[in-house]
Amino acid sequence: MALSLSPSPSPSRVRVGRPAIAALGILALALGTLQSVVEPALPLLQRELGVSPAEGALVGNALLVTGAVVTPVAGKLGDRYGGRRVLVRLMAVVSAGGLLAGLAPNLPVLLLGQVLQGVMVGVLPLSFILVRKHLTAGEAQAAIGIVIALFTGGSIVGTLVAGPIAEGLSWHGMFLLPTIAIIASTAVVTRLMPHDPPVRSDERIDWAGVVLLSGTLLAFMLGLVTVTSAGLPPLAVGAIAVAVAALATGWVAVERRAVSPMVDLRMLAKPAMWSACVLTLVITTSAGMVLFLLPQLFAAPADGYGFAAGTTQIGLFLLPGAIAGAVSDSVGGIAARRFGPRAVVVAGTVVTTGTMIALASLHSAAWQLVLAKVLTAFAAGVATTALLAGTATAVATGDTGIVTSLLVVTRVIGFALGVQISGAILAAGTDPVTGLPGEPAFVTGFVTAGLVAALSLLVVRVSKKGVRA
């Protein structure tokens with residue numbers, strides 16, 4: 001089947017491709033805004049809902065749990081039925097989740113809204129499918145970087161508006177206003193984006209593989225959240241691990257026997273693919289820790305180590321990092337094309353590790369935390385986008401959706417893992433008298449984030465040997 005959506009690729013790319021990519025970018029911007037409003041407002045939500053830092057991490061991770069489960073399914077369905085068709089349906093679910101969160105009277109309803117909003121993560125691989133069909137491989141790398149950059153750029157908007165809306169109106173408005181923008185931008189995408197025919201219209205979907213992979217990811221994410229926030233006994237932790245292992249084993253067995261597997265396991269066994277997944281996991285775990293620790297430290301009382309910042313002030317402190325993240329995502333695709341993903345990862349790892357180790361000693365001034373956020377956000381964004389863009393353009397077009405969705409899922413799992421680890425570290429270091437995390441807990445978190453980032457160098461070295469062998 002032809003890769004282009006029209007008989008004449010070049011004119012089609014100018015007439016249809018550019019408006020379509022622009023429409024996807026607008027939608028990505030709106031989605032990024034909705035996803036990011038929680039970050040600066042998390043301390044406020046914890047106070048309003050009366051929950052601990054470990055429990056507060058559930059608000060952000062509820063979205064990530066759904067994202068991890070839905071993304072590979074969305075990518076596969078996009079390959080099968082067309083990216084535009086699946087994307088529009090996912091946006092209906094996201095809009096419902098945003099409205100539910102915006103009207104939530106309590107924590108359980110808010111969490112349910114976040115769960116529905118998590119479907120938004122599946123939009124990224126669907127966008128990559130459309131980009132790959134409209135552009136050449138070289139142009140697609142840059143376009144993927146732009147789409148991710150706009151998704152990340154939405155965090156700039158979310159970071160700016162979360163505080164004023166929450167403090168001027170209520171925290172409910174933080175969810176309602178971006179949801180209205182998503183509904184409007186989805187209508188634009190529906191109008192401008194042509195229907196893309198499926199790449200593999202004659203193949204049946206491996207529903208057994210879909211169910212088992214979704215169950216594995218759901219068990220893992222819920223187990224992660226439960227273990228780190230509830231402090232379960234060893235027996236319960238072991239039971240969760242056994243359940244995850246059993247589901248994963250069943251999925252592998254089904255995929256090996258399937259005529260048309262959801263994921264070609266031979267592809268995952270390739271050094272380039274598994275190393276990209278492992279590197280993405282390590283990088284985003286470290287970034288997730290930074291994502292959670294800095295707002296908590298900004299909000300801590302100004303009694304020796306905190307800054308007693310409100311939601312609006314926290315948003316302003318995080319704004320430069322959000323800008324750096326957006327710029328880094330747009331640069332990541334270009335950097336992958338020029339230098340290769342491996343070199344970009346090494347550079348980002350060195351920056352992140354050095355920054356976190358330094359921050360463990362130097363965190364008495366707000367500018368130190370702001371600078372650390374900028375450096376780590378840029379380093380993580382460039383590295384993960386380079387890995388994603390490089391992998392997306394190295395596989396067959398028909399595998400773009402599932403391959404990129406696996407990397408997006410890995411990215412989501414890494415962020416969730418980092419957030420929950422940080423929440424557990426702060427909870428363990430909470431002063432029983434004040435009920436607040438002590439300074440040593442933050443120091444431990446920063447050092448741990450730096451050490452986790454440094455693992456990327458080991459993965460790069462091992463995968464490089466594997467390629468040579």
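These legends accompany close-up views of a predicted model.

**View 1. Confidence along the protein chain.** The protein chain averages a pLDDT of 77, and 82% of the residues score at least 70. Helix 14 (residues 341-361) has the highest confidence, with a mean of 89, while helix 1 (residues 9-36) has the lowest, at 68. Please look at residues 1-16 with care: pLDDT stays under 50 there, and the model has 21 contacts beyond four places in sequence for this stretch.

**View 2. Helix 4 against helix 5.** Here helix 4 (residues 83-102) meets helix 5 (residues 107-117), their axes coming within 7 Å and crossing at roughly 160°. Angles over 145 degrees count as roughly antiparallel, so that is how helix 4 and helix 5 run relative to each other. Their crossing is left-handed. On the helix 4 side, the contact is made by Val93, Val94, Ala96, Gly97, Gly98, Leu100 and Ala101; helix 5 brings Val109, Leu110, Leu112, Gly113, Leu116 and Gln117. Nine of the residues in this contact are nonpolar and four are polar, with no charged ones.

View 3. Phenylalanine 298 belongs to helix 12 (residues 271-299). Is this side chain's residue buried or exposed? Phenylalanine 298 counts as buried, because its relative accessibility is 0%. Leaving aside residues up to four places away in sequence, phenylalanine 298 touches Phe307, Ala308, Ala309, Ile314, Phe317, Leu318, Ala366, Leu369 and Val370. Look for proline 43 too: 255 residues separate proline 43 and phenylalanine 298 along the chain, yet their C-alpha atoms are 9.4 Å apart.

Key. Residues numbered from 1 in each chain as written. Predicted model: local features only at pLDDT ≥ 70, side-chain atom pairs only at ≥ 80, totals over all residues. Heavy atoms only, no water. Helix = DSSP H or I, 4+ residues; strand = E, 2+ residues; numbered from the N terminus. Buried < 20%, exposed > 50% of the residue type's maximum accessible area, 1.4 Å probe, protein only. Contact = heavy atoms within 4.5 Å. Axes fitted to C-alpha atoms, helices over the stretch in contact; angles between N-to-C directions. Parallel < 35°, antiparallel > 145°, perpendicular 65-115°, else oblique. Left-handed = near helix turned anticlockwise from the far one by under 90°. Nonpolar A, V, L, I, M, F, W, Y, C, P; charged D, E, K, R; others polar. pLDDT = per-residue confidence, 0-100.
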